[in-house]
Structure formats: structure tokens, C-alpha cells
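Subject: Structure handover

Hello,

Here is the structure I said I would pass on. Please look it over before reading my notes, which follow below.

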Amino acid sequence: MTTARKKIDPQKVILTWFKDKGWQPFPFQQEVWEAYLNEKSGLLNAPTGSGKTMALWIPCLMAFMRRYPDTYKSRKNNGLQVIWITPLRALAKDISLAMQQICTALEIPWHIALRTGDTTSAERKKQLKNMPECLITTPESLHLLLSQKDKRLYFKSLQGIIIDEWHELLGNKRGVQVELALSAIKTLAESPVKIWGISATIGNLQQALDVLLADTAENAVIVKADLEKKLVIKSILPDEVEKFPWAGHLGVRLLHKILPIIEESQTTLLFTNTRSQTEIWYQKLLDQAPELSGLIAMHHGSIANEIRNWVEDALHAGKLKLVVCTSSLDLGVDFRPVETVIQVGGPKGIARFLQRAGRSGHQPGATSRIYFLPTNSLELLESAALQTAIAEKKFESREPLQKSFDVLVQYLVTLAVGEGFYADEVLQQIRKTYAYHDITKEEWHWALKFITTGGESLTKYDEFSKVVVNEGFYQVIDRRTAMRHRLSIGTIVADPVLRIQYLTGGRIGTVEESFISRLRAGDTFWFAGRSLELVRIKDLTVMVRKSNRKSGIIPKWMGGRMPLSSQLSMMIREKLHEAAEGRYHQIELQTLKPLLELQARWSRVPKKDMLLIERAKTREGYHVFIYPFEGRLVHEALASLIAYRISIIQPITFSLAMNDYGFELLSDIEIPLEEALEVDLFRIDHLLNDIYSSINGTEMAKRKFRDIATISGLIFQGFPGKNITDRHLQASSQILYDVFAQYEPDNLLVQQAMQEVLTLQMEHSRLMEALNRINEQTITVIDPPKITPFAFPIMVDRLREKLSSEKLEDRISKMQVQLENYAKKGE
């Protein structure tokens with residue numbers, strides 16, 4: 001008589017393992033496990049450092065244990081079971097180690113492999129011969145896998161796809177890449193694939209789920225971790241508030257206040273908003289605290305990968321006291337020694353601030369601790385607004401993209417490079433995505449014609465005829481076309497960069513062509529915390545040697561300034577309203593009280609129902625300052641729009657300046673403000689036409705088109721190490737734009753460029769919301785006796801473009817003294 005073998009219970013195995021480790025699974029983790037084992041797809045929303053990876057990796061293993069209860073400990077070479085998509089290569093290594101440790105502990109002989117831009121070609125070939133059970137990859141590398149001839153073999157055994165940090169991909173073209181990849185992979189697997197996203201808190205979680213799962217979202221679930229992450233937020237307050245602040249000035253003067261914080265913490269991350277600021281703060285900290293030498297490091301996206309890896313490993317090992325960094329360390333890498341985060345300057349977004357705070361105390365139950373260091377007095381408003389927004393759980397939404405035709409045509413060529421495709425089959429697949437669910441037949445036929453002939457305008461040029469059609473089957477047969485396309489897969493289009501390398505061969509990082517072109521041999525510049533002397537530029541490589549000079553310029557990178565988010569803008573207006581009513585409950589508002597009281601004495605502190613406009617006359621001319629508090633991008637568009645509409649009333653030339661709080665119109669003749677207001681200056685009628693007339697929309701679209709042309713494959717950026725120069729790329733894209741504009745005005749890529757200028761660069765929908773709000777407000781025009789505390793930083797931003805740093809500081813100091821003396825007389 002044979003006895004029945006006892007059936008294994010995967011959940012019991014996992015719970016026993018948890019108990020042996022002294023752990024207790026969170027309810028949200030168990031909820032995800034149950035949903036996954038019941039063949040559900042969904043979205044997990046949990047705070048940073050709460051065990052999100054464990055919540056979704058464990059059920060992948062449990063499902064395997066349930067399928068093979070008797071043999072799961074001995075089964076090898078099972079084919080690809082799980083794809084784990086991450087937005088950052090830096091995350092992949094960390095996730096892989098955590099996964100492998102769990103597999104080892106549970107005696108599951110799975111092989112976990114990385115497939116990113118850092119994976120060697122030898123390792124890639126090895127993977128294709130024998131796929132690992134789990135592949136950790138990026139959207140770009142996943143599309144490269146879809147360009148393989150035998151892709152069906154790779155995905156046939158797939159059971160689950162996990163998209164980590166989905167909120168970071170949602171709302172950009174990498175997210176669209178993920179949508180397209182999912183639409184293809186679901187048809188290649190032999191059994192239904194479970195798809196799960198992991199997301200931090202955003203304002204539109206349901207929409208995030210709908211975008212991820214599209215046609216299958218109805219049967220999916222959203223699991224929210226009911227965990228209150230302990231968070232301590234403190235502002236570093238100046239001893240005395242400058243009543244006439246200016247951007248970037250205050251932060252370094254408070255450096256002495258952050259040194260004790262750094263000293264008391266095991267490890268601190270100091271976040272800046274730009275790579276240039278990272279370089280500056282690294283130098284300033286070493287100047288003030290030379291004892292940090294050897295214990296301080298720098299991390300940003302332009303530093304060589306080898307150096308960044310070293311910094312990350314040293315962070316893990318607890319060997320560093322301080323790392324000065326940018327958003328390159330924003331996402332979920334687990335650096336347990338990090339006890340404290342310092343945010344230099346306003347992060348411009350609530351979710352971004354919370355994400356950075358979560359870099360400290362990055363484990364369940366630990367306290368996250370973040371200090372806000374203002375770079376000018378008014379940024380204390382942002383700190384107060386951030387704290388209230390987080391307490392009230394008011395977070396930004398991430399708006400998904402639709403009909404990005406550059407990504408679509410790139411994807412179609414990717415499929416054609418691989419096994420090839422039939423048009424009707426792929427159309428059915430992409431119509432199941434959120435991004436292309438309403439694509440028309442005309443748009444689809446345009447995309448097919450584009451990849452086969454280059455479209456109506458480029459039919460005569462063979463290089464644009466990439467895909468061959470044979471009896472309805474689309475395929476790339478030219479090997480050179482296939483190779484160039486594989487090198488170009490992706491949607492991250494950066495400005496052309498040059499490698500920085502020592503004469504002896506060590507690689508340091510990359511710098512933009514526009515910066516290095518201003519230097520001559522023998523000039524010194526700072527990079528990655530090192531003083532470097534330019535020797536020569538050869539084959540797109542900047543050859544340097546170490547320099548002992550203390551002076552030297554710091555590189556500037558394009559796209560450094562982030563705009564204020566709409567949610568944070570609203571919260572700042574709320575804080576101003578509280579101050580206008582005399583409610584100074586938060587320490588930040590109490591600290592700002594002298595500045596705000598002076599602003600109220602000379603002008604107004606606007607309530608929510610007021611749009612404040614100030615007029616002034618100085619030696620420079622006639623000024624009008626307008627304060628919507630809507631962020632730099634909206635103010636840039638508004639300033640151009642208002643200037644254009646006033647110029648229609650009276651021929652007049654303006655200089656424009658703006659910051660996140662307001663904008664300035666400056667002219668050498670008196671500005672007819674009353675007349676402009678009488679004819680409804682902020683009207684919404686004819687808005688699009690007025691915007692295009694005011695900003696030279698065609699030129700902005702041409703610049704945007706360069707990225708679109710690169711993604712769509714119209715422009716090839718060059719082979720590795722032999723990139724095409726920025727000037728050549730811009731010239732090529734402008735020629736193509738002009739050809740399309742003249743001979744094919746309905747070209748979808750040109751239309752997309754115009755649309756992206758409106759939606760991404762000018763935030764058109766937000767501009768509309770701002771104008772609607774302004775039209776409901778009372779417009780208050782004030783003629784203050786002097787330039788007010790609100791107007792002063794906007795003026796300084798304009799002067800910054802004209803004067804060197806030394807001259808600027810001298811000019812500002814004199815202006816501040818004059819204004820302070822005037823303020824004292826009036827007291």
C-alpha cells in the first residue's frame with residue numbers, strides 16, 4: 001500500500017521562512033500574494049522602503065512552487081518565467097541581489113540575470129541560448145529583445161511581468177514603450193501573463209492602472225499599503241531673513257548649519273536639483289569641512305558609470321559619510337546606512353520630495369528624515385506647502401501620453417527587424433494599449449507608409465525606405481539598416497556629449513558639446529569633484545590631466561531648471577492666503593513674517609481670490625510684475641502672451657523675466673496696462689493663435705522635432721564612440737522639418753512636434769487652467785514705492801543673464817542696501 005505524498009502549501013512555506021527570519025508579512029503583501037496566485041493583475045501602491053519588492057517577487061516564486069510542488073527545488077532551465085522592468089539600470093543590480101538571496105533561502109534554483117545597457121554582448125548571447133527564469137531589464141533592452149528573430153521562443157513560458165517604479169515611466173515615452181512591449185509579449189506567451197505595476201503615491205492611481213493594463217484593467221486590482229511611514233521634515237532656518245531675496249544665494253550661507261547634521265548621521269544624501277549645483281556643493285562642502293575628504297562623494301548622470309557604481313557600492317557598505325547627488329539617486333536603491341536626506345532648494349514637486357525623503361530609513365518601520373535647505377528666503381513657502389500637502393496626502397498626477405507617433409514607428413521597425421509582422425495583427429495589438437487605443441486607419445496607414453518609403457516627401461531617398469513589404473508581410477532585410485536601428489532603440493534623447501578621459505586612459509564622465517566648445521587648451525574646469533586641465537579634443541573625447549588650480553569653471557547642462565508642479569503651486573497660494581489673513585502657524589511662515597509684512601506694507605500679499613500686479617519705474621525703464629504663482633513654464637508662456645497682446649494695442653518692445661512665482665515685463669516706454677486690462681488681457685479667446693504668434697511656435701517646434709526625428713529613425717545619432725555633432729543633428733532635423741512643412745504639412749511627426757510644444761514645453765492645459773482661475777479673481781494693480789520683496793528675485797533673474805557672477809553680486813548688494821534703508825525709513 002502506497003501513502004499519498006503530502007501536498008505542498010507554498011504560502012505555508014513562505015510564512016515559515018518569514019517566521020524563521022523573525023519577520024511578519026504586512027497585510028498588503030499577503031493581499032498581493034493572494035491576488036497574484038488567483039491569476040489577477042494589478043497595481044501595488046506602497047511607500048518607499050516598505051517591502052514592495054518582497055510583495056511581488058514572493059508570489060512569482062509561490063506560483064512556481066504550486067505548479068511544481070514535488071520538483072521545484074530541483075527544476076532547472078525552466079525558461080523565462082518573470083520579467084522585471086526597472087526604469088534605472090542602477091536599480092537592477094540591487095533588485096537582483098535581493099531576489100537571489102530569497103531564491104537561495106527557499107532552495108529554488110532560479111537563475112536571475114540582468115539585461116541592460118551595461119550587459120556585455122557575450123552575456124546577452126548566453127542569455128538567448130538559455131534564458132534565465134527571471135530577467136531584470138529596462139524598457140529599451142526589452143524592445144531590443146523584441147527585435148530578435150526567435151523572440152517567440154524567449155517569451156513562450158512567461159508567467160508574469162512586473163513594472164517597478166511605474167509612476168516614473170507613466171507620462172513619458174518610456175512608458176509608451178512599456179505599453180507597446182506588453183501588447184506584443186501578451187501574444188507571444190503560451191499562457192495568460194499576469195502584469196503588475198509598482199507605484200509610489202500619485203494623484204491618479206486608477207488611471208495609472210488603466211494605462212498599464214488597458215483592455216484588461218476592469219478585472220485588475222489596486223492594492224494600497226495601509227502603512228504610515230514615519231517621516232520627519234525640518235526646515236533649516238536662517239538666523240535673519242533677507243527681505244529682498246534672490247535665487248541660489250541663501251543656501252551656501254547656511255552651510256554651517258548642515259555640517260552638524262551630517263556629523264550626527266551615519267550617512268547623508270544631499271540632493272540638489274541640477275548637476276551643476278552638485279558640483280558646486282561638493283566643492284563648497286570640502287572647502288568648509290576638509291575633514292570630509294575621503295568620506296564624501298558625488299553622484300550624477302554625467303559621471304562615468306564605473307565611478308557611480310563605486311559610489312553606490314560604498315554607500316551600501318557604509319563607507320561614505322556624505323553623497324552629493326541629483327535625481328540619479330531618487331529611485332528605490334536600498335542604501336540602508338542612509339539616515340538623513342538634505343534637500344537643497346525647492347524640489348518643485350510633492351511626490352519628488354517624498355521620494356527623496358524615502359532614501360533615508362529605507363526599510364519597513366524605520367523613520368525617514370529630511371531637511372529642507374532654502375536657497376532663498378521665499379523657498380520657505382515651498383517647505384511649508386510641502387509639509388501640508390504630504391500631511392493631507394495631496395500628490396501630483398502623472399498624465400499619460402497618447403499617439404506618440406515617433407515611438408510607434410520606431411516600434412514597428414523593431415518588429416520588422418525581428419520576425420517581421422502582418423499589419424492587421426499588430427494594429428489589433430496596439431489598439432489594446434492606452435496610448436493608441438483610438439488610432440485611426442488614416443494614421444495607421446501613414447505609419448506603415450513612413451517605415452516603408454519615408455512618407456510622401458522622402459519616397460525618392462532609399463535610406464528612409466527601411467521596411468520591405470512582401471504579400472502583406474513587413475520585414476527589414478538589410479543588415480545595415482537592422483544594425484543601425486538596434487543601436488537607436490530608445491526614447492531618451494540627450495544632447496550630444498563628449499567623453500572626458502585622462503591622457504593615461506581613465507574615463508571620468510561626459511560633458512555637453514556646447515560647454516566644452518567654449519574652452520581652449522590649458523583652461524581649467526571642475527568635474528566630478530576634480531580640477532581638470534583641458535589638453536585637447538580628439539575623436540569626440542576630451543583629453544584632460546589633473547590640475548592643482550583652485551579656480552575653474554563648472555559645466556552647465558541643458559534642461560537644469562525644473563518647473564513648479566501644479567499641485568505644489570496650489571499649496572503655495574494656500575500658504576500666501578494664510579499669511580494674508582495673519583495666520584502664521586508654521587515655523588517657516590513665522591520666519592518669513594518680516595518679509596511678508598514688508599510686502600503687505602508696500603503692496604499686497606495676495607489671497608486666493610486675487611491676482612496681484614505691480615508697476616514700477618526705475619532707471620532701467622517701466623516695469624510690470626504679475627504674480628500667478630503657477631511655475632516657470634506657465635509664466636514663460638504667459639509673459640510672452642501678455643507682451644504680445646499689449647503690443648497689439650501699442651507698438652512696444654519688452655524684456656521678459658520670470659521665476660516660479662511671477663513674471664516681469666520691462667520696457668523703455670510706459671506700458672498701457674489699464675488699456676490692456678480693459679480689453680480683457682487674460683482672455684481665453686484665440687488663445688492658441690495668440691500663443692503661436694507670441695512665442696514663434698515654429699522655431700520651438702523645430703527644436704522639439706529634433707528629438708522626434710531621432711526617436712522615429714529619421715536621424716541616426718552615430719555609432720558608439722562616433723556620435724554625430726550637435727550642430728549636424730540640428731541642421732539635419734531642421735532640413736527635414738522644412739521639407740515636411742513645405743511638401744507634407746499633414747505629416748504626423750510635424751504635428752506631434754507642435755503638440756509637444758504646447759503640452760510638454762508650455763503646459764497648455766495648465767496655462768488654460770491658470771487663465772480660467774485668473775478670470776475668476778479680482779485683479780489688483782499696485783504702484784509700490786520701491787521694488788517689492790516679491791519683485792526683487794525676478795529682477796535678479798533677468799540681471800543674471802547679463803552680468804558675470806562677481807558683477808551680479810556687487811549690483812545686488814547695492815540694490816539690497818538701498819531698499820533696506822528705504823524700508824527702515826518707513827518703519
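Which residues of E9 are buried on one side, and which on the other? The model is predicted, and in it Thr267, Leu269 and Phe271 are buried on one side of E9, with Thr268 and Leu270 buried on the other. Both faces of the strand are therefore covered, and since 5 of the 5 residues of E9 (residues 267-271) are buried, the strand is largely enclosed by the rest of the structure.

E9 has parallel pairings with E12 and E11. With strand E12 (residues 338-344) the parallel pairing runs over 5 bridges, and Leu270 stands opposite Ile342 there. With strand E11 (residues 322-325) the parallel pairing runs over 4 bridges, and Leu269 is set opposite Val323.

Next, helix H10. Within H10 (residues 205-213), the buried residues are Leu205, Ala208, Leu209, Val211, Leu212 and Leu213. They pack against several elements: strands E1 (42-45), E5 (160-163), E6 (194-199) and E7 (221-224), and helices H8 (166-169) and H9 (173-188). Ala214 follows H10 and has a positive phi, near 50 degrees.

The crossing of H1 past H2 is right-handed. On the H1 side, the contact is made by Gln11, Ile14, Leu15 and Phe18; on the H2 side, by Gln29, Gln30 and Trp33. Sorted by class, this contact has 4 nonpolar residues, 3 polar ones and no charged ones.

The last item is an open sheet of 3 strands in the order E14-E16-E15, with antiparallel pairing. Strands E14 (421-422) and E15 (468-470) stand at the edges, and each has a single partner strand, so one side of each lacks a neighbour in the sheet. E15 pairs with strand E16 (residues 473-475) in the antiparallel sense over 3 bridges, and Val469 stands opposite Tyr474 of E16. Helix H19 (residues 441-453) packs on this sheet and touches E14, E15 and E16. The direction of H19 makes about 45 degrees with that of E16.

Regards

Technical notes: Residues are numbered from 1 along each chain as its sequence is written. This is a predicted model: local features need pLDDT of at least 70, side-chain atom pairs count only at pLDDT 80 or more; totals for chains, interfaces and linings use all residues. Side-chain values use heavy atoms; hydrogens and water are left out. A crossing is left-handed if the near helix is turned anticlockwise from the far one by less than a right angle, and right-handed if clockwise. Helices (H or I, at least four residues) and strands (E, at least two) are DSSP runs, numbered from the N terminus. Contact means heavy atoms within 4.5 Å. Ala, Val, Leu, Ile, Met, Phe, Trp, Tyr, Cys and Pro count as nonpolar, Asp, Glu, Lys and Arg as charged, and the others, Gly among them, as polar. Two strands pair if DSSP finds at least two bridges between them. Axes are lines fitted to C-alpha atoms, for helices over the stretch in contact, and angles run from 0 to 180 degrees between N-to-C directions. Buried means under 20% relative accessible area, exposed over 50%, partly exposed in between (1.4 Å probe, protein chains only).
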